[in-house]
Amino acid sequence: MPRELEELASQAFEELDKISDPKELETWQIRYLGKKSPLMQLLHSLATLPLEERRITGGRANEIKKALETGLGKRREALKEAQIAVSLQRESLDISLPGQPIPLGRLHPITQILKEICDIFVGMGFQVVEGPEVEWDYYNFEALNIPKDHPARDMMATLWIDFELETGDREMLLRTHTSPMQIRVMEKLRPPIRVIVPGRVYRHEATDATHESMFHQVEGLAVDRNITLADLKGTLFEFARCLFGSERQARFRCDYFPFVEPGVEMAIDCIVCKGAGCRLCGGSGWIEILGAGMVHPDVLRRVNIDPEVYTGFAFGMGVERIPMLRYGIDDIRLFYSNDLRFLKQF
Ligand code: PHE
């Protein structure tokens with residue numbers, strides 16, 4: 001019996017050394033240490049042996065059992081470690097590999113310039129508000145001293161909304177300028193008022209290099225006691241200095257808008273020729289950037305602000321023109337044709 005036992009043990013150890021997989025290890029355990037294994041059978045039948053043999057065989061069998069169990073434990077540990085090493089190897093990250101580039105979006109050049117313009121006025125104490133693009137005739141024209149038969153309506157090629165009152169009048173339109181917000185703001189707020197209104201405006205025009213049927217304006221309005229044309233000029237000079245730099249000249253000339261009195265236009269000396277005259281400025285040396293003026297007393301009266309107590313100035317500028325001048329863009333349609341090669345440059 002002891003010899004068979006020794007052979008069995010050495011066979012078991014030999015097999016154990018070769019095991020490289022947990023399943024095999026289980027089979028091995030059942031074969032050598034399971035209830036029906038020869039070793040266990042032997043340990044069970046010890047009682048039937050004579051005392052002396054029981055002592056020797058039993059002692060040795062128990063030793064072998066312990067040794068097999070220890071061997072099994074060690075092997076199990078080793079397998080576990082090997083497995084961890086394999087998965088670490090498989091899941092390891094090479095942090096020196098270059099990452100996948102994430103394409104970054106950017107703000108549209110018009111959004112960028114709007115932000116820049118608003119920031120300048122916010123710095124001077126103005127508040128930014130926005131208004132509807134679909135507007136009533138009343139706000140776009142009537143309340144701004146432009147009644148139905150007024151010739152100024154012709155200048156603003158209007159896109160009308162297909163909607164008629166019982167009288168047959170068309171009353172809704174796509175706003176042709178941001179000035180209707182002057183009225184909406186003054187209906188809601190009492191002086192002192194300082195607002196700017198960035199937004200889209202629409203005109204029913206054939207498009208070409210300098211005309212789009214949709215473009216942007218920024219409206220400004222300040223109403224308070226003692227506001228004068230000097231405040232208007234000071235504010236807009238400062239704005240031009242911030243946006244275009246202190247070496248630019250600004251010029252005011254008389255102009256006419258029904259809702260201001262007096263009305264002016266502001267121009268800056270041409271960025272390209274510095275005032276000498278070139279194709280961009282049409283040889284004049286000046287580029288017009290906005291219309292402005294003192295809010296007409298009739299407009300103030302219409303929103304119940306007493307023109308004897310309060311005065312105000314208003315201005316409205318075209319936005320697209322500014323980046324066109326700054327970057328030498330010669331076609332306004334580029335802004336809205338969604339060509340990424342163009343848009344990515346800003
Ligand atoms: N709304 C005018 C335009 O679109 C500009 C303007 C605004 C003029 C405010 C005077 C005062 O041409």
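Predicted model: local features only at pLDDT ≥ 70, side-chain atom pairs only at ≥ 80, totals over all residues.
View 1. Phe 335 is buried, and its relative accessible area is 0%. How do you describe a pair of aromatic rings? You give the distance of the centres and the angle of the planes. The model has 12 aromatic pairs.

View 2. Is Phe 259 buried or exposed? Phe 259 counts as buried at 7% relative accessibility, while Phe 257, at 22%, counts as partly exposed. Elsewhere, Phe 121, Phe 126, Phe 239, Phe 313 and Phe 315 come together as one aromatic cluster.

View 3. Which residues come nearest to the ligand? There are 14 residues around it, and His 177, Ser 179, Gln 217, Glu 219 and Gly 316 are the nearest. Look for the side chain of Ser 179, where an N or O atom is 2.8 Å from a nitrogen atom of the ligand. The side chain of Gln 217 has an N or O atom 3.0 Å from a ligand oxygen. Arg 203 puts a polar side-chain atom 3.4 Å from an oxygen atom of the ligand. On its own the ligand would expose 320 Å², and the protein buries 91% of that.

**View 4. A nonpolar patch on the surface.** Four residues make up this patch: Trp 136, Tyr 138, Phe 163 and Leu 165. Trp 136 belongs to strand E2, residues 134-136. With a relative accessible area of 36%, Trp 136 is partly exposed, so it passes the patch cut-off of over 30%.

View 5. You'll find Arg 248 in the loop between helix H9 (229-244) and strand E7 (250-255). Although it sits in a loop, Arg 248 counts as buried, at 13% relative accessibility. Its side chain makes a polar contact of 2.9 Å with the side chain of Asp 269.

**View 6. Two cis peptide bonds.** One of them runs from Pro 191 to Pro 192, with omega near 5°. Pro 192 lies in the loop between H8 and E5. Leu 189 is found in the loop between helix H8 (180-188) and strand E5 (193-202), and counts as partly exposed at 34% relative accessibility. The other cis bond joins Glu 261 and Pro 262, with omega about -5°. Pro 262 is part of strand E8, residues 260-269.

View 7. What is phi of Asn 145? Phi is near 65°, a positive value in a residue other than glycine. Asn 145 sits in the loop between helix H6 (137-140) and helix H7 (152-155), where 13% relative accessibility makes it buried. For Asn 338, phi is near 55°. Asn 338 occupies the loop between helix H11 (321-327) and helix H12 (340-343), and is exposed, with a relative accessible area of 58%.

Key:
Residues numbered from 1 in each chain as written. Heavy atoms only, no water. Patch = residues over 30% accessible without salt bridge, like charges linked within 9 Å, V, L, I, M, F, W, Y side chains within 5 Å. Areas by Shrake-Rupley, 256 points an atom, 1.4 Å probe, with all protein chains shown as cover. Salt bridge = Lys/Arg side-chain N within 4 Å of Asp/Glu carboxyl O. Helix = DSSP H or I, 4+ residues; strand = E, 2+ residues; numbered from the N terminus. Buried < 20%, exposed > 50% of the residue type's maximum accessible area, 1.4 Å probe, protein only. Near = heavy atom within 4 Å. Polar contact = N/O pair within 3.5 Å; in protein donor to acceptor, adjacent residues only side chain to side chain. Phe/Tyr/Trp six-rings, centres within 6.5 Å; stacked < 30°, edge-to-face > 60°.
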